[in-house]
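What follows is a report for a reader who meets this structure for the first time. Please keep the sequence and the model at hand while reading.

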Amino acid sequence: MQQPNKLTPFFENLNFERDDNTMVINFGPQHPSAHGQLRLMLELDGEQVVKAYPDIGYLHRGIEKMAENMTYNEFLPTTDRLDYIASTSNNYAYALAVEKLIGLEVPRRAQVIRTMLLEVNRLLSHLFFIATHALDVGAMSVFLYAFREREFGMDLMEDYCGARLTHSAVRIGGVPLDLPDGWMINLRKWCDGVEYELKHTYNALLEKNRIWKMRLENVGVITPEDALSWGCTGPMLRGSGIAYDIRKEEPYELYSELDFDIPVADTNDSYGRYRLYMAEMLESTKILRQLVIMYDDTEPQLMAHAPAYISAPKEEIMTQNYSLMQHFVLVTQGMRPPKGEVYVPTESPKGELGFYIKSEGEPYAYRLKCRAPSFFHTGLLQEILVGTYIADVVTIIGSTNIVFGEVDR
Amino acid sequence: MRKYTPKDSVQAKAYYTDRFHVVPSVPTQDVSTDEVFAKQLEVLSSKVDIKSAYIQIEQMRVEIDHKDNFKAIEILKNECGYAMMSEMSAVDYLAQDGEFEVFYQLLNLEERKRVRVVCRIPQGLAIESIVPLYKSANFAERELFDMFGLVVNNHPFLKRILMPDDWEGHPLLKTYPLHGDEFASWYEVDKIFGKEAREAIGPENRDPAKIDRYDTKRFSRVGREVPFGADISEGEPDTPIEYSQTLLVDYNASQTQLKDRK
């Protein structure tokens, strides 16, 4: 503990060390560009970072512990609170892990709707990234424009599931609802809007902006070896020139049938990553347009038929005695997946979001481990921040795109 | 007689299980059914003692001795192309076997294969760190230590990561209650005010629906206000409802002022 006196004045978050002439500065946990509750302890030599130590855990809610004490369906809404910028991708990753454990086949219409929701969520998350990243670096107007588009996207989610932030829009075994009337028309309009804005607003404001380029180019360089070793996934990995997208390499849902490209940036820096995000958003709108066409030739069934695990549709529960009995058992006791373990990776907007579930045949998971991409990207900070300047720290945190709901869980 | 609760696991339990319920298992395949995995397993088994290996849900699961964990993962990294460690953690089997099951989830990007290296380690022993192989293990092993109390040997900076440094207990153990233990419930009080303040402050209210009708310090009941801290357990005074006076605000005043100035 620092002893304040006249020679060493006490500042709340500064600590002078006279011996080696470095300064220890406490960045966060309430810093506006710490993207949540990140506390960084930085040791500075002048303006250069000598040592960085990310301190996390300020948002720890014990979600993995909760999973061991909740039935499988009970836990699903809790997954919203992991990456709260794109909740559906968490719901989906969890639901997919349980479905793999049970061995369920999801009806085609549910698959189309899920893939649509996933891509809408990817756009929501990427728009949020562009907005906050630009705001962190100092481009205020991009923030306003990107949030406008994001609001329209959240309206789409609200039309579908009634929630704007914590969607819980996916169920184990399918989706709860069909798309409302006119939803896909709005979706198309939104895609047009996003594409137009990308081209004419965000790109026009940032792409060749001198200040933006000076702040981002050659800042936060991650070599491919480092990216692999630190467990970087998603845009962080592809930003280092390694083309690995789980949607393409280990396809799930309908991604094997869809036509889309995996953008890669080989500059390894923040500017490359920013361009990657922009390119990925265009790919997402491309996927969404294809899905709108695919939706039309699907059967109306939304939930998988597996009486031992999934409740029957409401009409059946209300009319058939046996369905009602099974529904009662599933609600009061919960489903009991077979004994075994599963790890299912999915490509969330932030990177590889995977759920490891160990089931002992009980209605409660014996162990659930959430592999959150942001957790590993936060670990990376202690290496890439060293040697950079204090002014670039915010840029680098912004370009790692970490969300603390999922870092701390 | 008091209801018996097992002390080795305080997790939620199914309140009813059918007598004839048979727990099915997720189907497993032999490693020889997959060419790539079979080849990799051959490389691995020539150098490390393998306890069991099978494929479950498209991924190979290899069980080894806990002393071989570094060696096995090194072989998988250098000779089988597993360039990334996606995840590692443990499963608590202390009640059944007195052991932790530690798993490492590895990814081969070239061949798009995932393998899970599993080892059982008795309580009280420390496991070897794999940070020299994968830097992503740095945070993951710290989390493992924080959540289970499993010590990792040769870790560069083994310290609690999610819980506070002065925390007692390891939250993901099966013996740790979901709502926290005695230490957890008094953590803030002890830290901020000291242990002697426990009685004055009282235990934390964890019931969100709890209403104390005699509490005159925290809530004001509109129309039935009493002075702060008044004792109303003997019956409350009948206060007539008084509405606050509404102030009329002239919203146009500033506009007219502006006009005048112009």
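Predicted model: local features only at pLDDT ≥ 70, side-chain atom pairs only at ≥ 80, totals over all residues.

Residues are numbered from 1 along each chain as its sequence is written, and chains are lettered from A and ligands numbered from 1 in the order in which they are written.

**Strands and helices of chain A**

Helices (H or I, at least four residues) and strands (E, at least two) are DSSP runs, numbered from the N terminus, and two strands pair if DSSP finds at least two bridges between them. Strand β3 (residues 39-45) of chain A is joined by seven bridges to strand β4 (residues 48-55) of chain A, and the two run antiparallel. They form a hairpin with two residues between them, where A:Gly46 in the turn has a positive phi of about 65 degrees, and A:Asp45 has A:Gln48 in β4(A) as its bridge partner.

Chain A also holds an open sheet of three strands in the order β5-β6-β7, with antiparallel pairing. Its edge strands are β5 (340-348) and β7 (367-371) of chain A, each of which pairs on one side only. Between β6 (residues 351-359) of chain A and β7(A) there are five bridges, and A:Lys358 has A:Arg367 in β7(A) as its bridge partner.

The axes of helix α5 (residues 140-161) and helix α6 (residues 183-207) of chain A come within 10 Å and cross at roughly 170 degrees, where axes are lines fitted to C-alpha atoms, for helices over the stretch in contact, and angles run from 0 to 180 degrees between N-to-C directions. That makes α5(A) roughly antiparallel to α6(A), a term used for angles over 145 degrees.

**The sheet of chain B**

An open sheet of six strands in chain B has the order β1-β2-β3-β6-β5-β4, with mixed pairing. Because β1 (28-29) and β4 of chain B stand at the edges with a single partner strand each, one side of each is left without a neighbour in the sheet. Two bridges join β1(B) to strand β2 (residues 50-56) of chain B in an antiparallel pair, with B:Thr28 standing opposite B:Gln56 in β2(B). Helix α1 (residues 35-45) of chain B lies across β2, β3 (59-65) and β6 of chain B, running at about 170 degrees to β2(B).

**Where the chains meet**

The contact takes 34 residues from chain B and 42 residues from chain A. On the side of chain B that touches chain A, β4 (84-93), β6 (113-122) and α4 (137-148) of chain B each supply at least two residues, and the largest share, six residues, comes from β4(B).

Methods
Contact = placed C-beta atoms within 7 Å. Parallel < 35°, antiparallel > 145°, perpendicular 65-115°, else oblique.
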